[in-house]
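Subject: Structure handover

Hello,

Here is the structure I said I would pass on. My notes on it come after the files.

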Amino acid sequence: MKASPLDPVILNVDDTDAARYAKTRILQRAGFRVIEAGSGAQALELAREQTPDLVLLDTKLPDINGFEVCRKIKQSPDTSMVLVLQTSASYLSSPDKVRALDSGADNYLFEPIEPEELVANVRALLRLGRVERELRDMDRRKDEFLAILAHELRNPLGPIRNAVELLRSLDPHSSPAQENARRVILRQTDHMVRLVDDLLDVSRISQGKIALRRAPIELCGLLKSAVETADPNIAARQHILAVKLPDHDIWVDGDSVRLTQVVGNLLNNAAKFTAPGGRIALTACLEGTEAAIRVTDNGIGITQEQAEHIFDLFAQAGHSPDRVQDGLGIGLSLVRTLVNLHGGEVRVHSEGPGLGSTFEVRLPTLATTPAADATDCDPAAAPDRPANTYRILVVDDNVDSAEIVSALLQFAGHEVHMAHDGAGAIEAALRLKPDVVFLDIGLPDMSGVDVAATLRGYPELAKTVLIALTGYGQDKDRMGAMAAGFNHHLTKPVNMETLNDTVRTFMKRQ
């Protein structure tokens, strides 16, 4: 059978000319395209240059043994997906087969090999490789879908949240019934935002893309911040929260945002699975060289079987009788991932259903309290510039979103202008020379990243603060925005306080 340009490519590696020729002829007659190498070094070079679908690799080579060639192929990012079928003479021992598989080989055959056996093994491995590539492609498309989904979900959430805050600002003396309705909208909108963020974290967890920004952290202060984030859920269900922290400092090396997320998730989890009016306790202490954080509740409890799987992705252990099951089953899986990334461990204990639960996080501590750094001392604060001196341009193709953000900024006293596409944004920026531009990334005519790069090319806009205000919130989106010249990246939806704090913060630096 004659091979076509679309047929799989096999790299046949053998230092014996006769053996190499025989295997090549067998594979060519089966319809494969075959390239050859007679040494380990040549095999590695061809693997990098040609990226074959499969390497038929003899163990005994004159320069580098086949085990090492296989290991290098599998360790290189350029060739890690190349399949390796290792072969050796039949007199070699079984441990060599184990060694080959440990080096990354996908299968192992003893010579002499029957032609039908060789072709069948090659075809079987190629089928598996094709399935793996399809799964990786599906995974990539899933990540792209989640990013787009998060963006599309955040777009309507932003105007909803900002419109409610604007109504509150315009009518600060509204009736209790109106204020309660506003709180419901804000609370449910925040819940939707958390679900969107959880969706994105699923992708980051599965790909191991969660990166920590580590620094020495005083744990007790961090726990107080975590309590603040969970307090609305605890208060809404009328729980009593007892917090017991040591008088002394406990220092750990970690990411303050992610550790706050860990404790906040555990507190929210306790609130969700405890009937209204329940009791929740947060404690922390130093045990040897570890910090122990415990969240205890008198809620629904869990069985031993559930405890073994409760940290798995999408796992749900039940729900409090007074409410339907909510959430995506992601929170505790995220907790375990983040704690493990910090070199710690998390576990759960429960006496059984109806008897409450205790979640314990253990983190390694720093040996000594870090010395105060002189750079941490803030200089005397300069008086704020009057807020109404800031000229702001809001760019968003979603008219509702642009109008609500503009209204919030105008209410704070700023001079605000709007544009709804990239060309209009560039024209308005050159005409107005704004102090600040809030710029959406997804515009109809050109990317907001391209708009930012264009604006940075004009000397008269060198001091203009560019802030990305977008539904795209993945790490790569933030890095792309900063590389294009943005000063800051905000993910929709944002509230009035965040908008104004961001403006004040960056204008003070000018």
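The notes below go from the whole chain to its cores, its cavity and a few backbone details.

This is a predicted model, in which local features need pLDDT of at least 70 and side-chain atom pairs count only at pLDDT 80 or more, while totals for chains, interfaces and linings use all residues. Residues are numbered from 1 along each chain as its sequence is written, and side-chain values use heavy atoms, with hydrogens and water left out.

The protein chain has 15 helices and 17 strands (DSSP runs numbered from the N terminus: H or I of at least four residues for helices, E of at least two for strands). Of its 510 residues, 44% count as buried (under 20% relative accessible area with a 1.4 Å probe, protein chains only; exposed is over 50%, and partly exposed lies in between).

The largest nonpolar core has 37 residues (a core being a set of buried Ala, Val, Leu, Ile, Met, Phe, Trp, Tyr and Cys residues joined through side-chain atoms within 4.5 Å). Leu219, Leu223 and Leu266 are among the residues with the most contacts inside this core. Elements that each supply at least two residues to this core include helix H7 (219-236), helix H8 (256-272) and helix H10 (331-341). Leaving aside neighbours within four places in sequence, Leu266 is in contact with Val295, Leu332, Val335, Phe359 and Val361 (contact means heavy atoms within 4.5 Å). Leu332 and Val335 are among the buried residues of H10. A second, separate core has 23 residues, including Ile404, Val416, Val436 and Leu490.

A search of the whole structure finds one cavity of 30 Å³ or more (on a 1 Å grid over the protein atoms alone, a set of points where a 1.4 Å probe fits but cannot get out; lining residues have an atom within 4 Å of a point; points are joined across faces, edges and corners, and the volume is the space filled by probe spheres set on them). Its lining consists of Gly158, Asn162, Ser401, Val405, Leu469, Lys492, Pro493 and Val494. Helix H5 (115-170) and helix H11 (399-411) each supply at least two of the lining residues.

Two of the lining residues, Lys492 and Pro493, are joined by a cis peptide bond with omega near -5 degrees. Pro493 sits in the loop between strand S17 (488-491) and helix H15 (496-508).

Thr51, which is not a glycine, has a positive phi near 45 degrees. Thr51 is in the loop between helix H2 (40-50) and strand S3 (54-58).

Regards

Key: 1 Å grid on protein atoms, 1.4 Å probe; cavity = no way out; pocket = protein on both sides within 12 Å on 5 of 7 lines; lining within 4 Å.
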